[in-house]
Amino acid sequence: MSAPVPAVPSAAAAAAPVPAAPVLSVQDLKAYYRTRYFGVTRDVRAVDGVSFEVRAGEIYGLAGESSSGKTTLIKAIAGAIRPPLEVVGGTMTFSFLPGSPGLHRASPAEVAGIRWRHLSYIMQGSMNVLNPVRRVKHSFDDFAFRHMGLARSAFWAEVEAHLARVDLDPSVLAAYPHELSGGMRQRVTIALATLCRPEFVIADEPTTALDVLVQKTVLGMIRSVQREIGSSLLFVTHDMGVHAALTDRLAIMYAGRLAEEGRTAEIFARPRHPYTRHLVGSLPRIGDASERKSLDGTPPNLADPPPGCRFHPRCPLAMDVCRREQPAMIADGPDHRVACFAVHPQSEGHP
Amino acid sequence: MHPYLAYVAKRLGQFLLIAFIGVNLAYAITHATPIDPVEQSIAVATSFGSTAPQAIESMRQSLRELYGLTGTPLEQYLTFWRRVVTADFGPSLSAFPAPVSSLIARALPWTVGLLVTSTLLSFALGSLLGGLAGYHQDSRGLKLMGILAMGLHPVPYYIVALVLLIVFGFVWPVLPIAGGSAMNLPQGFNLEFAASVARHSILPVLSLTLVGVGGWFLGMRSLVSNIVSEDYVVYAELAGVDRRRILSSYVMRNALVPQFTGLAMSLGGIFNGAIITEKVFGYPGVGTLLVDAVYAGDYGLVLGVTTVSIIGVSVGVLVIDLVYPFLDPRVQVR
Amino acid sequence: MLAILRDLLRYNAEFRIGLLLVGIVVVLAALSFASPYPPLDVYVVPPDLPPSWAYPFGTTSRGQDVFWQLTVAIRNTLAFGIAVALLSRVLSLAIGLFSGYKGGWIDRVLMSINDTFIVLPLFPILVLFYFVMRDRMTWAMLALIMACLGWAYDARLIRSVAMSLKTREFTQTSIFSGMTTREILMREHLPYVMPIVFSTTMNNMNWSIGLEVTLSVLGFTDINTPTIGGMIFWANQHTAMVAGVWWWFAFPVAVVVMAFVGLFLLAVSMNEYIDPRSRLRRMGGAAG
């Protein structure tokens with residue numbers, strides 16, 4: 001039997017919408033890839049004015065195809081900003097670092113105190129995230145020991161208890177990463193990322209590289225660990241089926257901007273934005289034999305995006321105003337926002 | 001079978017293959033070519049002054065016997081292998097009647113000492129500096145070191161030894177440029193002798209190290225530059241792991257694996273360099289022995305040194321191969 | 001191919017310097033055809049003269065003009081290096097491409113033999129050759145022997161390129177369209193392999209010239225043909241160091257070091273070009 005779990009809010013309380021202070025608040029974030037040579041500056045506008053909030057204890061999903069900018073968005077949030085990536089405007093404020101516009105502006109000491117203890121990361125492609133020449137226990141030692149403030153023996157006891165929560169035997173610690181299966185490696189990463197009970201965990205396509213059966217188990221474990229330790233989870237994947245199964249709220253991203261955001265059930269039941277409708281409609285449903293139409297065209301070149309709404313070249317509802325002005329994110333029902341002129345004809349756009 | 005034992009068996013097999021091919025090559029060169037080494041030896045031995053024909057004939061006979069060149073080709077082949085395995089190469093012509101094997105045994109420790117010292121030094125220094133250079137890409141000092149390495153690494157061993165000889169022999173004569181130890185000092189396990197050996201080894205070791213360190217530097221630098229973008233390094237950085245720990249445990253430790261393989265592959269080349277460096281500085285190792293033997297037409301000694309070199313380098317590579325799994329735990333699964 | 005050269009010239013300082021150094025050496029080698037003295041003649045000028053306007057690199061103790069002797073020496077040394085490199089390319093390409101493409105037990109057997117030749121210390125073996133052949137060892141023979149011994153390292157590099165090509169789509173297409181192995185290797189894979197062949201040729205030249213210099217310095221080659229190693233050999237024979245005739249050493253050494261460093265830089269810059277990550281890093285990633 002694992003070690004006694006600390007008291008957590010009851011399941012009912014966690015499910016009801018709680019107007020608590022957000023763990024992460026992103027305001028009008030702009031992050032571009034800037035290359036300068038021969039005196040010409042080129043910007044790839046991977047994230048171009050994104051605003052949203054993640055509340056305490058919720059699983060917030062971020063969906064979108066590749067080149068939607070979602071990878072850049074989480075890189076910016078996690079503070080993994082290296083040239084040529086630059087944060088050009090906006091803020092990302094965490095509840096545990098109030099007043100700071102984001103990790104890219106925080107001092108090294110602040111960042112060192114936050115990383116892993118308050119903000120952790122589950123990466124895609126568990127193949128290679130652990131040091132291949134050292135045993136698994138060294139990763140736990142390197143990543144987590146200094147944050148826990150425990151004596152060595154107490155630390156390892158806690159680690160073993162935590163491993164049990166993801167159904168892993170303590171013998172895993174003495175193994176090398178290549179000796180574990182893909183699913184086991186990913187469960188180790190989950191345990192590693194949640195050991196210090198951070199308030200905020202970013203999960204970047206954590207199950208994409210796994211086969212379907214293992215995927216189901218791992219997703220279930222992610223959810224149960226998250227509920228137990230009460231952290232917020234920003235879950236990024238292009239797989240709408242996973243969002244439907246896991247997330248509380250969901251945001252749809254397209255070409256560097258948010259198209260729609262709301263409670264997951266609502267998004268799937270009544271999608272408003274044409275792009276969301278296409279994504280939701282593309283999910284296969286048992287018994288539904290209707291033909292699926294694919295979307296014309298390709299995602300825009302983010303170095304030279306189309307004027308107005310980024311989606312208009314492929315949108316079946318495109319109007320004149322869509323080609324000139326960008327729609328703003330406007331509320332459309334409780335806890336639901338859309339950026340579309342077809343939904344809100346009178347909205348003022350950002351140029 | 002335990003995976004490590006399976007690995008050992010494989011490496012032993014490779015070692016035996018190398019020794020087999022190498023020794024056969026030596027056999028082919030000496031026995032299968034139309035030129036007769038005995039005639040060559042006689043030619044050199046009789047080149048100064050005149051020798052009576054009967055003397056030459058008896059010399060020829062005894063040399064043939066001594067060198068195992070009598071009998072059918074099969075007998076010669078078997079004799080050759082028997083001598084290699086028992087390390088019996090006959091007497092040395094230039095130091096008659098001292099057996100070749102004793103001459104080699106006396107010279108070998110000097111060569112091994114030189115090789116081990118300079119290889120360890122250049123590998124450790126080059127890898128450490130190269131790793132730092134690959135990680136801290138903006139450091140000016142390290143960039144400068146890179147340029148020096150690029151200028152020094154392609155220069156062959158002989159040229160560096162020659163330049164050092166000129167500099168320290170004639171321009172700034174502060175170090176001994178010949179011999180393994182001071183000539184009037186008897187060999188023994190005492191401090192004075194050890195100090196003398198150390199002083200005399202400075203220049204040969206320096207010469208070999210200068211050439212070698214550049215190569216290890218450049219290799220490590222390029223390995224580290226690629227490893228820095230690997231998932232496990234990025235992940236550790238995202239986790240806020242201490243930078244020094246990332247450099248040592250995640251970056252360098254992983255770069256060391258292919259770097260170590262490079263060590264096994266370069267051992268032959270380093271050995272070649274050691275031989276010529278010994279000759280330049282008159283260092284009493286197998287290199288000087290080999291070259292002097294050629295000048296003297298001493299067939300047995302030349303063949304003996306060549307065979308011992310082949311087997312010695314193969315043993316060295318085998319040792320490195322056996323250590324390798326301790327560096328890279330993945331190798332046992334393959 | 002021209003586009004590659006243009007890119008290298010523009011972005012890669014090492015390539016420019018390497019090209020410059022090799023260029024100087026080639027010019028010197030070409031000048032040898034204009035030499036006023038027959039290269040094998042001795043005592044054609046007053047011996048042991050230090051560098052001056054009349055004799056820019058001085059004269060040797062054998063009465064030869066160092067400058068003109070050097071031009072012939074570097075020409076012969078370079079020619080030898082090129083010969084060995086070209087000959088061993090044949091073996092390296094044949095074995096590397098075949099082994100990498102076929103895979104399986106053929107690959108394992110070939111690579112075991114390959115590793116044997118990488119490990120074997122070639123210098124003692126070459127010395128043994130010399131001992132047995134003595135005066136009958138011609139340059140052509142030495143080049144052939146070195147080519148037959150020195151293909152192993154490069155064969156491995158070419159093999160890894162071949163292995164990555166095997167899994168590419170166009171190879172599958174070629175197989176399905178019925179091309180023989182030989183046709184696939186020669187027509188489809190060869191162009192991709194050329195850059196690494198180029199850089200390994202430079203490295204191989206360095207290796208063979210280094211061995212030639214070392215052997216000649218010891219007198220283990222035909223020392224009547226002027227080569228860089230041969231010049232140093234004669235300088236040693238006449239104890240030039242003690243006699244203070246430093247120019248007899250200095251200029252051959254300087255020119256051959258230029259050749260080594262130049263060839264090495266060319267090889268390194270070509271290698272960097274092949275690796276797309278380093279190419280991008282050089283060309284555009286740098287901000288500001």
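# A tour of chains C, B and A

Select chain C to begin: among its contacts between residues at least 6 apart in sequence, 71% join residues at least 24 apart, where two residues are in contact if their C-beta atoms, placed from the backbone, lie within 7 Å. What is on screen is a predicted model, in which local features need pLDDT of at least 70 and side-chain atom pairs count only at pLDDT 80 or more, while totals for chains, interfaces and linings use all residues. Residues are numbered from 1 along each chain as its sequence is written, and chains are lettered from A and ligands numbered from 1 in the order in which they are written.

**Chain C and its helix H12**

Chain C contains 13 helices and 0 strands; helices (H or I, at least four residues) and strands (E, at least two) are DSSP runs, numbered from the N terminus. Along the principal axes, its C-alpha atoms fill a box of roughly 70 × 60 × 30 Å. Of its 288 residues, 47% are buried, a residue being buried if 20 or more other C-beta atoms lie within 10 Å of its own, exposed if 12 or fewer, and partly exposed in between, with C-beta atoms placed from the backbone.

Now select H12(C), whose 28 residues reach 41 Å from the first C-alpha to the last, close to the 40 Å expected at 1.5 Å a residue (the expected span is 1.5 Å times one less than the number of residues). Because 22 of those 28 residues are buried, H12(C) is largely enclosed by the rest of the structure.

**The core**

Next, display Leu290(B), Val302(B), Val127(C) and Leu128(C), the residues with the most contacts inside the largest nonpolar core, which has 254 residues. Such a core is a set of buried Ala, Val, Leu, Ile, Met, Phe, Trp, Tyr and Cys residues joined through C-beta atoms within 7 Å. Its largest share, 18 residues, comes from helix H12 (residues 247–274) of chain C. Centre on Val302(B) and, leaving aside residues up to four places away in sequence, you will find that it touches Leu290(B), Ala293(B), Val294(B), Val127(C), Leu128(C) and Phe131(C).

**Chain B**

Chain B comes to 12 helices and 0 strands, and 44% of its 334 residues count as buried.

**The sheet of chain A**

Move to chain A, where 8 strands form an open sheet of mixed pairing in the order S5-S6-S7-S3-S8-S9-S11-S10; two strands pair if DSSP finds at least two bridges between them. Strand S5 (119–122) and strand S10 (330–331) of chain A stand at the edges, each with a single partner strand, so one side of each lacks a neighbour in the sheet. Strand S9 (residues 257–263) and strand S11 (residues 336–338) of chain A run antiparallel and are joined by 3 bridges, and Glu261(A) has Arg337(A) as its bridge partner in S11(A).

**Two residues with positive phi**

Finish with Asp28(A), in strand S1 (residues 22–37) of chain A, whose phi is near 45°, and Asp167(A), in the loop between helix H5 (152–165) and helix H6 (182–194) of chain A, whose phi is near 65°. Most residues other than glycine have a negative phi. Asp28(A) counts as exposed because it has 12 C-beta neighbours inside 10 Å, whereas Asp167(A), with 13 other C-beta atoms within 10 Å, is partly exposed.
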